[in-house]
Amino acid sequence: MVLKLEFHASETLHVSALSVKYLNRCSFFCSNALFSMGPFPGEISDVRVMEMTSLVVYSISMSAKAISEQTGKEFLYKYICTTAVVQNRFRYANVTAATDWGQLVQDHPWLLTERLVVKPDQLIKRRGKLGLVGVDLDLQGVKEWLKPRLMKETLVGKAKGFLKNFLIEPFVPHKQEEEFYVCIYAAREGDYLLFHHEGGVDVGDVDSKAQKLLVGVNEKLHPDPIRQKLLSHAPAAKKDMLSSFLMGLFNLYEDLYFTYLEINPLVVSQDEVYVLDMAAKIDATADYLCKAKWGDVEFPPPFGREAYPEEAYIADLDAKSGASLKLTLLNPHGRIWTMVAGGGASVVYSDTICDLGGVNDLANYGEYSGAPSEQQTYDYAKTILSLMTREKHPDGKVLIIGGSIANFTNVAATFKGIVRAIRDYQVPLKEHEVTIFVRRGGPNYQEGLRVMGEVGKTTGIPIHVFGTETHMTAIVGMALGHRPIASEPRVAVHTANFLLNTSGSTSTPASSRSDSFSDARSEAGAPPARPGASAVSTAKATTLFNRHTKAIVWGMQTRAVQGMLDFDYVCSRNEPSVTAMVYPFTGDHKQKFYWGHKEILLPVYKNMSDAMKKHPEVDVLISFASLRSAYDSTMETLQYAQIRTIAIIAEGIPEALTRKIIKTADEKGVTIIGPATVGGIKPGCFKIGNTGGMLDNILASKLYRPGSVAYVSRSGGMSNELNNIISRTTDGVYEGVAIGGDRYPGSVFMDHVLRYQDTPAVKMIVLLGEIGGTEEYKICQGIKEGRISKPVVCWCIGTCATMFSSEVQFGHAGACANQASETAVAKNKALGEAGAFVPKSFDELGEVIKSVYDDLVNRGVILPAKEVPPPAVPMDYSWARELGLIRKPASFMTSICDERGQELIYAGMPITEVFKSELGLGGTLGLLWFQRRLPRYACQFIEMCLMVTADHGPAVSGAHNTIVCARAGKDLISSLTSGLLTIGDRFGGALDAAAKQFSSAFDSGLLPMEFVNKMKKDGKLIMGIGHRVKSINNPDMRVQILKEFVTQHFPSTQLLDYALDVEKITTSKKPNLILNVDGFIGVAFVDLLRVCGGFTRDEADEFVEIGALNGIFVLGRSMGFIGHYLDQKRLKQGLYRHPWDDISYVLPEHMSM
């Protein structure tokens, strides 16, 4: 569909052709350029808002991403399957400032022989009208045409940018009647094909001219409808070729997960097809499905915004993380910087900054969410701080660290990363006069705010800290000077706002309150519907959850399940809402959880079919499946008629798969919440997964009992903020649902608003919409027609979008506007005109909600009930420990290694530093065994010791045992253990003994001769002296090598010198009584420990005493034993039996006599 656009200078876009039913894609042609706009009413893709004064485009998609024309054509040429002859395949050349023209001509010799077309390939619209298309040129003409354009700054609308990338293609001479228009685009209900028999620059109003064909979800495209519907006006001689090409193009579109593909013009001659200009988008979330065909796709930045390396760095962090990390630089010279947690919240903060006049000073847009680790948050924060401290601003700078109330992110943990970054950058932050404003809520937020306040005091940086008692965006007005900086509230030291049950009872407490302030209690008291009864109808239920709702959780999400059970307990439910879990990666088993104080077991099933058969009362499934497995697991769930509601938590499910889920669910009457959602909550009844956060927030927002206000939003984080706002301004929430931020949510606003309208206990409705789509206009229509009669308070976030000069990727895939009516500003206006209550800004949302609520109370519609304290709930031990409320002696202590952080640490040294320092095996052993970074010579000596002790042939007892065990068919571990068990004083264990004997004698002041005589008198062997084969005349080369190294590198060798003097005495008596390798290593190691400078004398002696030196032999010889094991296996040696002739069979002594 193409909109007819009428515009004049300094005027806004006027839309003269608009079809709500079919208008899901808009295209605008001017000169030789294509201007494409995303899907329209109800279908959400990347934002395309147009102000024709400057033709500004705003794209905010996370899933459907534009690709370059070259990439699109490469996909088409490589993978299209059609009988039509597609010409000029792969005949394109890319030109940048770094292009070597000689090499380019060598790679593309056709550049010298053909007429050419050259154009920028940077997602620029209206290239022809802007003079950015060179046509019918030779190569020299192309070069001349590029001279005034390549790397020159160009203004396109409001966006200024440099022309960096150009595409050269063969010029195709053709007639006007050979030009056609083709477009395929995605909508919720399927994919639309548009075809017009007249293409090119003057295509005009395609919406009214083009033939349209809808290929529904799960349907296949066939040639007959193409010929009959699309090609009715095409030349008869070209219908076969066009039909084949369109079939191939649509199959390509589906197979490679395109969301938009437009060709204008498509030139069709007598026997050939030419693709001249092409615009396309692909579903970036389908990368895991299409990687083999896509390869490494580069998504070019919008024209007018440079691809900063910091953005690429954050994008790389995001790709490697399960969390969400986004960064877009809008104005690196700006003074207002943000670091906001949550996709929805990040848009709200940007809105508020722009509303208060800060659009020109707003430096960045971005968000961090999804429970990033401390290290990830540190990396993100230091990137922001580095950027904002590169140049000074005369008015100083502000950093807004904001966010809604987190559902599951440990705020203190993420703030630790931010605090680390602030400490690292404290000097430049003070030099640049940076003031920081913080507002946050969620798990452990009090501790996070405390440490943030402390770092401000210790560094001298002005940091103003606020919690959930402060409206989310109030800090923006403070930061911009529009409101006074409030006095900071006293921050609690922990989130322990719930106490242990002091009654000692383990039973579920009685209900603390009626089901609703204004309800007759009929709904909550009703027994659960029988699964069999609901399975007959495909109509979706008005009531999704009640006090008897039972659910199965897909995925091993024990924290989320425990949160649901704690919510059930505090709501005084009689039984847990979670009946079972499904986890296909383990066998059937039981998982332990808490029900109040009592421990209970929930079954975990490998197969969903087993869970469904054994729990027929379940009618809700909560899926924590990953984006890769969510589709398959959801489609499997839809096979079971007992399931009436499915919540899909995963973000990033490919849109084509989501549409299949929606279609199947609609056919079966199943309500889908999500994808990309935290879920929903019905106070006093049921909550999905992590919705509502931890118990302290459940209690603070009074979610343990129903109120009179129901809400629906897209954002999960913002839904928790709504819980907070509604609880502070009304009697509380009756039900709240976050439908999810993906382009195609499983259920839409109207679905839930109509449910609330038909629910007597709901007295007023709150809707938090956002930029993009037309779903809010259905609310307007419902209000006007009287279908929605209850008061509706609405606000659409994303009002800042029209103020930016280049496209910005917001946090949600669905946060997008495709025409003026889809902007947040237009929708807020329409809602107000329809009769909804619309605040002037998000800042005033709470005030409007309170005003409407107070009016209902005054009119007697709502009768506030007396507040009753909720039942007490135990706090988990792990969380209490996290909050510092309890302490417990550890079962183990360790001082050599710490694997808990982002990076493995050996004795205080990060593993990356271990490799950077090239410590080697000897240095690593020094860290883990001796907790020191040893000198280089010490590391080398350790490695030499391991090398010389690695093996001593198969005849020694340890190797012999290993070989026998290996030949008996035992595994490597058993065989190695068999060999190691022979190590002792007689074999290999002489290192410690030698070190102890020689050091004791030396330290006692005994002369070498006195030491020898004493050992002889005591009848003891001198450990480390003697060898069966080697002698003074046949020295052990291992000892010689070590001796040479030690005497050359060790600062002092007092004990070794003493041992060598002893050797002179013993070898004078017998030549083989030499200082053997065990003895040499033992005494040399004592010298090393004593003189390397890393240990005190007592520490050195302690290492000898506890057996550290024998560890050298054990570690070294293990290499040899493993070698013998592998050797025997490789040689395929059979079971060993010792030969008889090598055994002396004798009778017992008493018999032989």
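**Close-up 1. Strand S30 and the orientation of its side chains in the predicted model.** In this predicted model, strand S30 spans residues 645-648, with Thr645 and Ala647 pointing one way and Ile646 and Ile648 pointing the other way. All of these residues are buried. In a regular strand, side chains alternate between the two faces of the sheet.

Close-up 2. Strand S29 (residues 620-623) runs parallel to S30, and the two are joined over 4 bridges. Within this pairing, valine 620 has threonine 645 of S30 as its bridge partner, while leucine 621 is partnered in S30 by isoleucine 646. S30 is also joined to strand S31 (residues 671-673) by 3 bridges, again in the parallel sense, and here threonine 645 stands opposite threonine 671. From S30 the chain reaches S31 by way of helix H20 (residues 655-668), in a β-α-β crossover that is right-handed. A right-handed β-α-β unit is likewise made by S29, helix H19 (residues 630-637) and S30.

Close-up 3. The strands follow the order S27-S28-S26-S25-S29-S30-S31, and their pairing is mixed. Strand S27 (589-595) and S31 each have a single partner strand, so that at both edges of the sheet one side of the strand is left without a neighbour. On average, and with direction ignored, neighbouring strands of this sheet are turned by 25° against each other. Helix H17 lies across strand S25 (551-554), strand S26 (578-582), S27, strand S28 (598-605) and S29, and runs at about 40° to S27. Helix H19 also packs on the sheet, where H19 touches S25, S29 and S30, and the direction of H19 makes about 175° with that of S30.

**Close-up 4. The largest nonpolar core, viewed around isoleucine 622.** This core has 105 residues, and those with the most contacts inside it are Ile622, Phe686, Ile779 and Phe842. Helix H17 (residues 558-570) gives the most to the core, contributing 7 residues. When residues up to four places away in sequence are not counted, isoleucine 622 touches Ala551, Ile552, Val553, Trp554, Met564, Ala647, Phe686, Ile688 and Gly689. Another core, of 74 residues, lies apart from the largest one and includes Tyr92, Met278, Ala280 and Ala625.

**Close-up 5. An open sheet of 3 strands, S38-S39-S40.** The strands of this sheet pair in the antiparallel sense. Strand S38 (897-898) and strand S40 (909-910) are the edge strands, each of them pairing on one side only. Strand S39 (residues 905-906) is joined to S40 by 2 bridges, the two strands running antiparallel, and isoleucine 905 has proline 910 of S40 as its bridge partner.

**Close-up 6. Isoleucine 1122 in helix H39.** Isoleucine 1122 lies in helix H39, which covers residues 1108-1131. With a relative accessible area of 27%, isoleucine 1122 is partly exposed. Leaving aside neighbours within four places in sequence, isoleucine 1122 is in contact with Leu972 and Leu976. Aspartate 951 is 171 residues from isoleucine 1122 in sequence, whereas the C-alpha atoms of these two residues are 10.0 Å apart in space.

How values were computed
Residues numbered from 1 in each chain as written. Predicted model: local features only at pLDDT ≥ 70, side-chain atom pairs only at ≥ 80, totals over all residues. Heavy atoms only, no water. Pairing = 2+ DSSP bridges. Buried < 20%, exposed > 50% of the residue type's maximum accessible area, 1.4 Å probe, protein only. Right-handed = clockwise from strand over helix to strand, strands pointing away. Core = buried A, V, L, I, M, F, W, Y, C linked by side-chain atoms within 4.5 Å. Contact = heavy atoms within 4.5 Å. Axes fitted to C-alpha atoms, helices over the stretch in contact; angles between N-to-C directions.
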